Amino acid sequence: MDSEYYMQIALKEAQKAFENDEVPVGAVVVDPKSGKIVAKAGNKGEHGESAMAHAEILVMNKACKKLKQNRLWDLDLYVTLEPCTMCAAAISMMRLRKVCFGAVDEKGGAIVSGVNFFESRTCHHKPVVESGILQEECSKILKMFFHNKRITKF
């Protein structure tokens, strides 16, 4: 399987979040050796869980529970939006092998935008980074969500 295949699955999770009036970000954790999806999740931070219920945090927690381990060595994360600083730090602490994302987040991103967390002196583990996977599709769902929010606000 290739990166676009897994990003399509992350986009399906983003669509579910969109339908639940959550910021449409989706994520999947994949075992690159077998090609199997370990866990998948979408954002749940707006409606009761926690402001920290980002797709990345949720999917990493699900993967740890499923695998009964506290780190995600040799696994890959696919997420539709560039992770924020909180999620980048969690990715580092979880020791993921690779993080792949779709849309760049110039305002809140922390991997290629903003603080460039993986380049900081305090970063414990730097995964391989792949960006721009299905970027147009990943950006489109976010733009549609926030456009709809602006329209219904007035």
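1. Helices here are DSSP runs of H or I with at least four residues, strands are E runs of at least two, and both are numbered from the N terminus. The model is predicted, so local features need pLDDT of at least 70 and side-chain atom pairs pLDDT 80 or more, while totals for chains, interfaces and linings use all residues. Residues count from 1 along each chain as its sequence is written, and side-chain values use heavy atoms, without hydrogens or water.

2. Just after α1, D21 adopts a positive phi of about 60 degrees. The side chain of D21 also makes a salt bridge (Lys or Arg nitrogen within 4 Å of an Asp or Glu carboxyl oxygen) with K149, and the closest N and O atoms are 2.6 Å apart. Because D21 sits in the loop between α1 (3-19) and β1 (26-30) while K149 belongs to helix α4 (residues 135-153), this pair ties together parts 128 residues apart in sequence. Both partners are partly exposed (buried is under 20% relative accessible area, exposed over 50%, partly exposed in between, with a 1.4 Å probe and protein chains only): D21 has a relative accessible area of 32%, and K149 has 32%.

3. The helix α1 itself is worth a look. Several residues of α1 are buried, including Y6, M7, I9, A10, L11 and E13.

4. E130 is partly exposed at 24% relative accessible area, whereas K98 counts as buried at 15%. Another bridge pairs K126 with E119, whose closest N and O atoms are 2.6 Å apart; E119 is exposed at 56%.

5. How many disulfides (cysteine sulfur atoms within 2.5 Å) does the model hold? The count is 0. For C100, the closest cysteine sulfur is in C138, 11 Å away and too far for a bond. The sulfur of C123 is 14 Å from its closest cysteine sulfur, in C87, again too far for a bond. C100 is buried, at 0% relative accessibility, and C123 is also buried, at 16%.

6. On helix packing, the axes (lines fitted to C-alpha atoms over the stretch in contact, angles running from 0 to 180 degrees between N-to-C directions) of α2 (residues 55-67) and α3 (residues 85-94) come within 10 Å and cross at roughly 20 degrees. The two helices α2 and α3 are therefore roughly parallel (under 35 degrees) to each other.

7. Most residues other than glycine have a negative phi. K68, which is not glycine, has a positive phi near 55 degrees; K68 lies in the loop between α2 and β3 (76-81) and is exposed, at 75%. N116 has a positive phi near 45 degrees. It belongs to the loop between β4 and β5, and N116 is partly exposed, with a relative accessible area of 28%.

Notes:
A disulfide is a pair of cysteine sulfur atoms within 2.5 Å. Angles under 35 degrees count as roughly parallel, over 145 as roughly antiparallel, 65 to 115 as roughly perpendicular and the rest as oblique.
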